[in-house]
Amino acid sequence: MLTPPRTVVRRDGGLYALERALQRRGFRHVAGADEAGRGACAGPLVAAAAILPEGRRGEIDGLADSKLLTAASRERVYDEVVARALAYAVVVIPAEEVDARGLHVCNLAAMRRALASLTTRPEYVLTDGFGVDGLDVPGLAVWKGDRVAACVAAASVLAKVSRDRLMVELEKRYPGYGFAEHKGYITAEHTGALRELGPCVEHRFSYVNVAAVSGRDGAPPRARRPVGETAPEPMEHAGESRGTVGVALGEQPRPSAPVGEDVVMEGGVR
């Protein structure tokens, strides 16, 4: 019995090499999934999934891990992904649900929901870091997937830009915390605002730094949330573009930022 030849993906093959190798083996629709906001102590967790077309149409100029792009570059790449993707989806998990179910559970559930929402059924799934079960299709968890696979990088941009826009809107609802600047991550300015103002409903009370200033740090996450106040409905609705599903948030011009503005916030090195 003959065994099929192994698929070899060269390290220097570039961002599209892994998808192209899978497509040569018959997996035409390769989906990537990633999230944004895992390390933030305020705001939603946002996951996204995307399937890029085969061939040159699926090659997006400047596509890369969202944390390596400037804000302006991310916005441009986001528009290109939305315009070219065979299918894409964005799922928003509010802070209240993160507290109730736990971060990792919500992270996997959000990626699973995003992949299940794709209007084109994936034949193979690549995820960034964590494997996602229950998909009924083969998949692979790829270390630093947003720097290795184009579809995962596309998902990372969709998730990051969508979440950034949501955080800009939250700054209008809850002024004083600086959400539009730090996007809910732990910075000196955010820590100072938390101490002065206390947490708002969009903070994650299951996080140690938020629980410490809530006055109820010994209580479970549900009990730490502000009494009599509930989180607003998730700012999520479907928007169709070329048969895709996603979050329609409108265009909001944003100033440029240094390359890798999220790297330090998400535990990396600038």
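## About the model

Because this is a predicted model, local features need pLDDT of at least 70 and side-chain atom pairs count only at pLDDT 80 or more, while totals for chains, interfaces and linings use all residues. Residues are numbered from 1 along each chain as its sequence is written, and side-chain values use heavy atoms, with hydrogens and water left out.

## Two nonpolar cores

Let's start on the inside. A nonpolar core here is a set of buried Ala, Val, Leu, Ile, Met, Phe, Trp, Tyr and Cys residues joined through side-chain atoms within 4.5 Å. Buried means under 20% relative accessible area, exposed means over 50%, and partly exposed is in between (1.4 Å probe, protein chains only).

The largest nonpolar core has 28 residues, and those touching the most other members are I60, L63, V77, V81, Y88, V157 and L158. At least two residues of this core come from each of strand 2, helix 2 (71–84), strand 3 and helix 5 (150–173). Helices (H or I, at least four residues) and strands (E, at least two) are DSSP runs, numbered from the N terminus. Helix 5 gives the most to this core, with nine residues. There is also a second, separate core of 22 residues, with L45, V98, L108 and L118 among them.

## Helix 4 and its cover

Helix 4 runs over residues 103–116, which makes 14 residues. From first C-alpha to last, helix 4 reaches 20 Å, close to the 20 Å expected at 1.5 Å a residue; the expected span is 1.5 Å times one less than the number of residues.

Which residues of helix 4 are buried? They are C106, N107, L108, A109, A110, M111, A114 and L115. The cover over the buried residues of helix 4 includes strand 1 (30–36), strand 2 (45–51), strand 3 (87–93), helix 3 (95–101) and strand 4 (124–128), where contact means heavy atoms within 4.5 Å.

## Salt bridges

How many salt bridges does a search of the whole structure find? It finds nine, a salt bridge being a side-chain nitrogen of Lys or Arg within 4 Å of a carboxyl oxygen of Asp or Glu. One of them joins the side chains of R28 and E54 (2.9 Å, N to O). R28 sits in the loop between helix 1 (17–24) and strand 1, and E54 in the loop between strand 2 and helix 2, so this pair ties together parts that are 26 residues apart in sequence. R28 is partly exposed at 47% relative accessible area, and E54 is partly exposed at 34%.

Other pairs stay within one helix. R84 and E80 both lie in helix 2, four residues apart, about one turn of the helix, and their closest N and O atoms are 3.0 Å apart. In helix 5, K172 and E169 are three residues apart, again about one helical turn, with their closest N and O atoms 3.3 Å apart. K172 is exposed at 59%, whereas E169 is partly exposed at 26%. Finally, R74, K160 and D164 are linked in a network of salt bridges.

## A buried lysine

K183 lies in the loop between helix 6 (179–182) and helix 7 (188–197). K183 is buried yet has no salt bridge. The nearest side chain of opposite charge, D164, is 4.9 Å away; Lys and Arg count as positive and Asp and Glu as negative, while His and the chain ends are not counted. What lies 2.5 Å from a polar atom of the side chain of K183? That is the backbone oxygen of A180.

Technical notes:
A polar contact is a pair of N or O atoms within 3.5 Å; within protein, one must be able to donate a hydrogen and the other to accept it, and residues adjacent in sequence count only if both atoms are side-chain atoms.
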